[in-house]
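Please look over the model shown here, with attention to its aromatic residues and its helix packing.

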Amino acid sequence: FIGALMTLVFGVLNLIVAVIVDVFAESRDKDVFARASELEEEECEQKAFLGQIFNRIDTDGGGTLSYDELVQGAYKEAGFQRWLRVMDIDS
C-alpha cells in the first residue's frame, strides 16, 4: 500500500513540475521574441540616425561619402564622433 501511495505522490509531483517548467519555457520564448523585436526596432532607429549623420557629412550632395568627407565629418559632426567612439575608433 505505501509503495503504491508513494508512486502516486511522485507521479502527481512530476506532473506539477512538468506544468511549471512548460509555463516558464513559454514565458522565455515570449521574452526572446520580444527582445528580438526590440533589437530590430533599435537597429532601424540607429540606421535612420546614421543616415541623417551621413547626409549632413555629405558636403557635395552626391549621395555617397568620400574618404575626405568621412574624415572631415569625424572632426566636425558630434554625433558621428560618438558613434566612432562607441566602435572604439579614435578620430
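## Aromatic pairs and helix packing

F80 is buried, with a relative accessible area of 7%, where buried means under 20% relative accessible area, exposed over 50% and partly exposed in between, with a 1.4 Å probe and protein chains only. The model is predicted, so local features need pLDDT of at least 70 and side-chain atom pairs count only at pLDDT 80 or more, while totals for chains, interfaces and linings use all residues. Residues are numbered from 1 along each chain as its sequence is written, and side-chain values use heavy atoms, leaving out hydrogens and water.

Two aromatic pairs are found in a search of the whole structure; rings of Phe, Tyr and Trp (its six-membered ring) pair if their centres lie within 6.5 Å, and planes under 30 degrees apart count as stacked, over 60 as edge-to-face and the rest as tilted.

| Pair | Centres | Planes | Class |
|---|---|---|---|
| F49 and W83 | 6.4 Å apart | 35° | tilted |
| F54 and F80 | 5.8 Å apart | 75° | edge-to-face |

F49 lies in helix α1 (residues 2–57) and W83 in helix α3, so this pair ties together parts that are 34 residues apart in sequence. The pair of F54 in helix α1 and F80 in helix α3 links distant parts of the chain, 26 residues apart. F49 is partly exposed at 32% relative accessible area, and F54 is partly exposed at 31%.

Helix α2 (residues 67–76) packs against helix α3 (residues 78–86) at an angle of about 100°, their axes being 6 Å apart. The two helices are therefore roughly perpendicular to each other, a term for angles of 65 to 115 degrees.

Notes:
Axes fitted to C-alpha atoms, helices over the stretch in contact; angles between N-to-C directions. Helix = DSSP H or I, 4+ residues; strand = E, 2+ residues; numbered from the N terminus. Parallel < 35°, antiparallel > 145°, perpendicular 65-115°, else oblique.
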